[in-house]
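Visitor: I have a structure open and have not looked at it before. Could you walk me through it?

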Amino acid sequence: MGEAFNHLQFEVEDEVDVHRVVLAWRAWDTLELAGQEWAHCLLRQSIRYCANAEHSIIEKKYQPSGIRTVLPALLDQYGLLGRTLGSTAGDDAWVQHLAGTIYSGTREQAADAVAQALREGFAPESIGEAMSLAANMLVLHDPGRPEQWSNGDKPVGSCHGDSVGVHASDAANAWRNIARVSNPRNVVASLIVGAFHTAGQAGRSNKQPYPNPEQLALVRTEDPAGLIRDAEAAIREKDQFRAAAIVARYGQLGHEPRRVFDLLLRFATSEDGALHAEKYYHTVSAEFAAMRPAFRWGQLVALARVSASECGHKSAGYEEAKKLLNV
């Protein structure tokens, strides 16, 4: 399975498409549940997806992604093939600086910055953390969906569903995980392609992230139970910024994160989230666990905001499932 998975990455890396990379990663991640006997069946899903996408590019004469030339050029320019992967852990300032480059730079600049970091011997985990932090910044800086991109399930001002930040976070998580289980060539390639994928999307972003200082100042209680109650009320009222501010304050006070996860899990299962609720909850859970304390609470703050955004759009089958489970 490992050899087949590594060969699959050559196809996955040809385009930057959240479904393409997440499908590949979740196929691998599902093996523990499904069993090795289903490995090739799971991988064939990704092969078919990539083949169909390539057929569409050819048939409709679309322009292929620039990553097809950027990746091989960077592998050659920095001599990254055949090198021993570095183990230097970037400190908080280094991770934040690389995240800022990925967040605000062009796709080519972000890919080049990651290739340089790999050449300089920085650990893949530190580079992947910067990529995930950049994607998280896209959620926190999101000004909300404009009218021309809105519909009944994703109204003006919403940030759930296929928003820039949610898609970027899910994709970055997949690229980071693929790098963890791949051969050295694909570790390098996944991080470069992942940075390319994450970057170049901040054009509409606010200068400052949510919650802003004024929103934080409105959160006056320090009691953990009270904060959880207030967060739930804010989510049900679809108040994205109050929900984000309350969870941010909860984290600043050093309270136990499990209570926030338990609260937000209820909305991840009850709300549709334009087909992204459970997936994004899983992404945040994984990234919170992997990130250092300086950055991890941004993940839960973003999830609180997205939960408030999606609240009121019930998941199909949710009420039926409750009846069947007698809950």
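Guide: One term to start with: buried means under 20% relative accessible area, exposed means over 50%, and partly exposed lies in between, with a 1.4 Å probe and protein chains only. By that scale Lys238 counts as partly exposed, because its relative accessibility is 35%.

Visitor: What kind of model is this?
Guide: This is a predicted model, where local features need pLDDT of at least 70, side-chain atom pairs count only at pLDDT 80 or more, and totals for chains, interfaces and linings use all residues. Residues are numbered from 1 along each chain as its sequence is written, and side-chain values use heavy atoms, with hydrogens and water left out.

Visitor: Back to Lys238. Where is it, and what is its phi?
Guide: Lys238 sits in the loop between helix H12 (224-236) and helix H13 (240-252). Its phi is near 60 degrees, a positive value in a residue other than glycine. Most residues other than glycine have a negative phi.

Visitor: And Asn326, buried or exposed?
Guide: Asn326 counts as exposed because its relative accessibility is 71%. It lies in the segment after helix H17 (318-325), and has a positive phi of about 60 degrees although it is not a glycine.

Visitor: How many helices and strands are there in the chain?
Guide: The protein chain has 17 helices and zero strands. Both are DSSP runs numbered from the N terminus: helices are H or I with at least four residues, strands are E with at least two. The radius of gyration is 20 Å, close to the 20 Å that the globule rule gives for 327 residues, so the chain is as compact as a globular protein of that length. That radius is taken over C-alpha atoms, and the rule is 2.2 Å times the number of residues to the power 0.38.

Visitor: What share of the residues counts as buried?
Guide: Of the 327 residues, 51% count as buried.

Visitor: Switching topic: which peptide bond is cis?
Guide: The bond from Tyr210 to Pro211 is cis, with omega near -5 degrees. Pro211 is in the loop between helix H10 (184-198) and helix H11 (213-217). Most peptide bonds are trans.

Visitor: What about Gln208?
Guide: Gln208 also lies in the loop between H10 and H11, and is exposed, with a relative accessible area of 53%.

Visitor: How do H14 and H16 pack?
Guide: H14 (residues 257-270) and H16 (residues 293-310) pack at an angle of about 30 degrees, with axes 10 Å apart. Axes are lines fitted to C-alpha atoms, for helices over the stretch in contact, and angles run from 0 to 180 degrees between N-to-C directions. The two are therefore roughly parallel: under 35 degrees is roughly parallel, over 145 roughly antiparallel, 65 to 115 roughly perpendicular, and the rest oblique.

Visitor: Which residues meet there?
Guide: Among them are Phe261 and Leu264 in H14, and Trp297 and Leu300 in H16. Contact means heavy atoms within 4.5 Å.

Visitor: And what angle do H9 and H15 make?
Guide: H9 (residues 164-181) and H15 (residues 277-290) pack at about 55 degrees, with axes 10 Å apart. They are therefore oblique to each other. The contact residues include Asp170 and Arg176 of H9, and Tyr280 and Glu287 of H15.
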